[in-house]
Amino acid sequence: MNPPVNPPKLHDCRDAFASTLERLAAENEMIVAVCNDSVGSSKLGGFKAKFGERLVNVGIAEQNMVGVGAGLANGGRLPFVCGAAPFLTGRSLEQIKADISYSNANVKLVGISSGMAYGELGPTHHSIEDFAWTRVLPNLPVIAPCDRIETAAAVAWAATYNGPCFLRLSRVGVPDLLPEGHRFELGKANLLRQGSDVTLIANGTLTHRIVKAAEILGERGIDARVLNLATVRPIDEEAIIDAARETGAIVTAEEHSIFGGLGSAVAEVVVDNAPVPMKRLGVPGVYAPTGSAEFLLDEYGMSPSAIADAAQALIKRK
């Protein structure tokens, strides 16, 4: 396919997170930010300039960072705990389990540069296990916004939600998909395109790719439904069951391992309620090599054309 004459503008969701957090902090003096020496990568420079006394930088000590966030919450503050997603989750899973999830602490965990956004830094910096680690924990909503608009809406929602949550944000630029003024609703999918032949489901950086895949399928005479499933837990079972029953086939795509992530969550709903053929696209249970996020997604079959090919092949199994 030829590239569009005027490609859509791409936005870094971290910018939407930072500007929204600054606005909320101006309205609510209980909001604090906690980070692991990641003021720059978490885009907290503006927050630091405006609310320096409310920024706690614990240094490269993620386990301590989560504990500090829990302590601040216990003291009545509203902490947003920010750090690179692979280290916030992988290094601190015990603290997230005991101090945040089990204690039901009102802490907002923000995993920055998720998926394979740090692609050039190699497997140690890839965060392709975080859905699996976090979605198994009780009391912890797991959210991966698809664009800057949903990011801002999810951050605003998190500030009003009485309990912990995990926000998964990439640094990879994505186009706008949702309308300005969109309000985030926990556990509700966004229907981006109606269709009857197959359903494509994604979140985060993959959502705009499945939208493009649906357009490719449309050119082939295939009517694809598109769901943005930002909330991995609690998941929108109704939207998934309707998709299974009405389209008869489901393809999931995620910047994550195919084990334990979005595809697994969708499959659990499908097998319990409306079994249909499925294809889970993601990293196939390996350590992804060094390379840009765009390269790695394409390498693992998640270019728009490859997603369309996978959907077309799946339809034959209906």
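Which strands does helix α7 (residues 148–160) lie across? Helix α7 lies across β3, β4, β5 (142–143) and β6, and runs at about 165 degrees to β6, where angles from 0 to 180 degrees are taken between N-to-C directions of axes, lines fitted to C-alpha atoms, for helices over the stretch in contact.

## Basis of the model

This is a predicted model, in which local features need pLDDT of at least 70 and side-chain atom pairs count only at pLDDT 80 or more, while totals for chains, interfaces and linings use all residues. Residues are numbered from 1 along each chain as its sequence is written, and side-chain values use heavy atoms, with hydrogens and water left out.

## The sheet

Helices (H or I, at least four residues) and strands (E, at least two) are DSSP runs, numbered from the N terminus, and two strands pair if DSSP finds at least two bridges between them. Seven strands form an open sheet of mixed pairing, in the order β2-β1-β3-β4-β6-β5-β10. Because β2 (55–57) and β10 (231–233) stand at the edges with a single partner strand each, one side of each has no neighbour in the sheet.

Strands β4 (residues 108–112) and β6 (residues 165–169) run parallel and are joined by five bridges, with V110 opposite L167 in β6.

## Helix α1

Helix α1 (residues 13–27) packs on the sheet, touching β1 (31–35), β3 (78–84), β4 and β6, where contact means heavy atoms within 4.5 Å. Its buried residues (under 20% relative accessible area, with exposed over 50% and partly exposed in between, for a 1.4 Å probe and protein chains only) include F17, L21 and L24. The buried residues of α1 pack against β1, α2 (45–50), β3, β4, α7 and β6.
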